[in-house]
Amino acid sequence: MITKIGKGGANTQGVLRYLYGPGRANEHTDPHLVASWDGFAPDPGRDATATLTQLATVLDLRVKQAGDRAPDKYVWHCSVRTAPEDPVLTDEQWAASARRILNATGIAPSDDPDACRWVAVRHADDHIHIVATKVRGDLTPPRNWNDYLRADKECAAIEKEYGLRQVLRGDRTAAKRPTRAEQEKTTRAGHTATPRVTLRTTARMAAAAATDTDEFFAILSGAGVLVNIQRFPSGDIRGYKVALSDDTNANGEPVWFSGSTLGPDLSYPKISERLALTKSDPMLRDSDRRHTAWQTVTDAADQIPSVLDEGDDAAGQAHVTVLAEALDALPLIAPASYKPHLARAAAAFERASRSHIRARHQQAQATRQAIKAILREPAPKDGAPIAILLDALILAVVAAQGWHHTRRHDQQAEAARQAAEHLHAAYQAAAVQPLAVIRQRGLRLTVTVQQRQADLVRQALPALAEQILTEPGWPALAATLADVQGAGHDPTVLLTEAARRQELGTVTSINDVLVWRLRRSAHLPATPHDPPARDNLRTPAARAAQPAAMAAGGSPRRR
């Protein structure tokens, strides 16, 4: 059950005219009252002698009596909708629900004879509209502060009592959704993504790629986005606005969105806070470091589940935030074959990236630096490094789902679950070729070596051994176990640890999962004979020049 409370207005009859009318697409059927403040309000839908003017007049009576003391926007309008799979509620059930919501919000407390006047109108099976005028019997306004959260809390109780779908409750940290007007304008223009969503995606990719705010703005401009930087009289940056060149208002002017309207974490202060810590990053300059940025970011992602288990909420939120940045960055450099999966994973996890917990960003700086560094390294020629990273990211996202769930961040937990599904699809596409190479090596092992590896599996994982040995991917795991031994590690210990990282009973291929985790934990090459990486002279700004197109495999303009 979802409530939506409007901004208010001063035209009671206008609201009633819409509710009793045919609707925008003739979707309204049998409009009628299900309840009112006294049970005797005129109903133009079922009473042929009643009119909209009469109903509006009795609702507005106290507004007229209050005169100048009445609020400028005295109409309170709340819609209440059930889910498509919910049973159809009776008029009596809707009436009871309306009274409970009005009581919870303070518009019409159940024991208050001076409560505001209101009506509940039904013109569809799945929802009602509650309209009230915000002047009480003593001609004072109601105390309806924080009415949305109070209504939402009451709806949660109603859902349980009526056996309705229990909606995932938010914590008011979600990004603003496109308005109805934005959606209709986008449909008329033939696009599938609204300007708000396109700009949000582009800004998140730019923030993930940039090392300072100047580069952030440069990447946005390079992506074809109009950027308006706002400054204080001192010359310091106060904020920024962005727009798409093909999104204009009635006067032909660009429709601007401030960073904070795209997302709470995209305001200039929030972006500046995160990027300030990477401005003097030695990792981005040191070409002689021992590990590649791909190895570094994979190792960092590998540690996220452990960090989230430690119970430090500020550090945990910082790692969840940087995990979202990793997902935002990957579509910029991933092959086209699975770039859409990664873009969908990033879009889903965007909701999981924020909560009311304030992040201690310096706790995740090493991971953030590594993410930016992979955008500046030669791109891997095969899918092995990306497959290994995606395996680590899947574990991290699943851990983030659990972290949110234990803190009752319901929407964030669901968003993380969806992101993990998209990441798994990308992983399957990335892993096909490198796993085939490793499998071929396994098929060339002698019978004696294969038997020795099978004995190791039976010793380390007795409950899963037979399934592992009969899967098509067993030769790849056998070759990897041989590589682990050759590198001087104890394969039994690493195999046991790799299996402990995630419940393996539900994965598509246990062998595939264990191959990447063993190669990662033993610091083995992604594939036994990695070819040299291709030279890639494109800068991060160039990679981000068409971020929306990269995410969709299409035009840099809106889709």
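Residues are numbered from 1 along each chain as its sequence is written, and side-chain values use heavy atoms, with hydrogens and water left out. In this predicted model, local features need pLDDT of at least 70 and side-chain atom pairs count only at pLDDT 80 or more, whereas totals for chains, interfaces and linings use all residues.

Helices (H or I, at least four residues) and strands (E, at least two) are DSSP runs, numbered from the N terminus. Two strands pair if DSSP finds at least two bridges between them. An open sheet of three strands runs in the order S6-S7-S8, with antiparallel pairing. Its edge strands, S6 (225-231) and S8 (257-258), each pair on one side only. S6 and S7 (residues 237-244) are joined in the antiparallel sense by seven bridges. Helix H7 (residues 195-209) packs on the sheet and touches S6, S7 and S8. Contact here means heavy atoms within 4.5 Å. The direction of H7 makes about 125° with that of S7; axes are lines fitted to C-alpha atoms, for helices over the stretch in contact, and angles run from 0 to 180 degrees between N-to-C directions.

Buried means under 20% relative accessible area, exposed over 50%, and partly exposed in between (1.4 Å probe, protein chains only). In helix H20 (residues 491-500), Pro491, Thr492, Leu494, Leu495, Ala498 and Ala499 are buried. These residues cover an arc of only 165° around the axis, so they lie on the same side of H20. The arc is that of the directions from the helix axis to the C-beta atoms. Val493 and Arg500, on the other side of H20, are exposed. The cover over the buried residues of H20 includes helices H17 (447-460), H19 (474-486) and H21 (510-521).

A search of the whole structure finds zero disulfides, a disulfide being a pair of cysteine sulfur atoms within 2.5 Å. For Cys116, the nearest cysteine sulfur is that of Cys78, 14 Å away. Cys116 counts as buried, at 2% relative accessibility. For Cys155, the nearest cysteine sulfur is also that of Cys78, at 7.1 Å. Cys155 is buried, with a relative accessible area of 0%.

Two residues have positive phi. Leu139 is not a glycine, yet its phi is about 65°. Leu139 is found in the loop between strand S5 (127-133) and helix H5 (147-162), and it counts as buried at 18% relative accessibility. His523 has a phi near 55°. His523 is found in the loop between H21 and helix H22 (540-543), and it counts as partly exposed at 47% relative accessibility.
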